[in-house]
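Student: I would like to learn how to read the features of a protein model. Please go through them one at a time.

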Amino acid sequence: MERSTFVYDGDCAFCTRCAEFIERRIPTGARVVPWQFADLDALGLTEAECEEAVQWVGADGSRAAGPDAIARLLGDSGRVWRLAGAGLRLSPVRRAAWPAYRWVARNRHRLPGGTAACAVPSARRD
């Protein structure tokens, strides 16, 4: 793979707004693409993985999900953003990031820009 890829849920307005922020404000060489339009087989991802969390597939084939994927995206960006990505990889920050990420994922339909379409099906919330 020649470029890294950051995959998000394109059916979620909150996730789409976050992806638009990335594209406007974070200088990265990665492709930022909704999983619904990505070649998941080529990326080695499943729909279930993409419904669960954002995904990172590095040009080198490395993979990460959730806040780890966000840290990789930031690490692949401009200098200030790389520092933020390095901070997100610090053990105590990373330990706190996962529960925070899961909370946001469960409540994204209630967040600014979120819609009812953003709600994770109740069977998957817990």
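This is a predicted model: local features need pLDDT of at least 70, side-chain atom pairs count only at pLDDT 80 or more; totals for chains, interfaces and linings use all residues.

Student: How many helices and strands does the protein have?

Tutor: Helices (H or I, at least four residues) and strands (E, at least two) are DSSP runs, numbered from the N terminus. The protein has 7 helices and 4 strands. Along the sequence they follow the pattern β-α-β-α-α-β-β-α-α-α-α.

Student: What is the order of the strands in the sheet?

Tutor: Strands of a sheet pair through backbone hydrogen bonds, either parallel or antiparallel. Two strands count as paired if DSSP finds at least two bridges between them. Here 4 strands form an open sheet in the order S2-S1-S3-S4, with mixed pairing. Strand S2 (31-34) and strand S4 (63-65) are at the edges with a single partner strand each, so one side of each has no neighbour in the sheet. From one strand to the next, the twist averages 20°.

Student: In which sense do S3 and S4 pair?

Tutor: Strand S3 (residues 55-57) and S4 pair in the antiparallel sense, over 3 bridges. Val57 has Arg63 in S4 as its bridge partner.

Student: Which helix packs on the sheet?

Tutor: Contact means heavy atoms within 4.5 Å. Helix H1 (residues 13-25) packs on the sheet and touches strand S1 (5-8) and S2; the direction of H1 makes about 155° with that of S1. Axes are lines fitted to C-alpha atoms, for helices over the stretch in contact, and angles run from 0 to 180 degrees between N-to-C directions.

Student: At what angle do H5 and H6 pack?

Tutor: Two packed helices are described by the angle between their axes and the distance between the axes. For helix H5 (residues 79-89) and H6, the angle is about 80° and the axes are 5 Å apart. Angles under 35 degrees count as roughly parallel, over 145 as roughly antiparallel, 65 to 115 as roughly perpendicular and the rest as oblique. H5 and H6 are therefore roughly perpendicular to each other. In this contact, Gly87, Leu88 and Arg89 of H5 meet Ser91, Val93, Arg94 and Ala97 of H6.

Student: Which residues meet where H4 packs with H6?

Tutor: Gly66, Pro67, Asp68 and Ile70 in H4 meet Arg94, Ala97, Trp98 and Tyr101 in H6. The axes of helix H4 (residues 66-75) and helix H6 (residues 91-107) are 8 Å apart, at an angle of about 115°.

Student: Is Asn107 buried or exposed?

Tutor: Buried means under 20% relative accessible area, exposed over 50%, and partly exposed in between (1.4 Å probe, protein chains only). Asn107, found in helix H6, has a relative accessible area of 11%, so Asn107 is buried. The side chain of Asn107 reaches the backbone oxygen of Trp103 at 2.8 Å. Over the protein, buried residues make up 39% of the 126 residues.

Student: What does Val104 touch?

Tutor: Leaving out residues up to four places away in sequence, Val104 touches Phe14 and Leu111. Val104 lies in helix H6 and counts as partly exposed, at 28% relative accessibility. Val104 and Phe14 are 90 residues apart in sequence and 10.0 Å apart in space, C-alpha to C-alpha.

Notes: Residues are numbered from 1 along each chain as its sequence is written. Side-chain values use heavy atoms; hydrogens and water are left out. A polar contact is a pair of N or O atoms within 3.5 Å; within protein, one must be able to donate a hydrogen and the other to accept it, and residues adjacent in sequence count only if both atoms are side-chain atoms.
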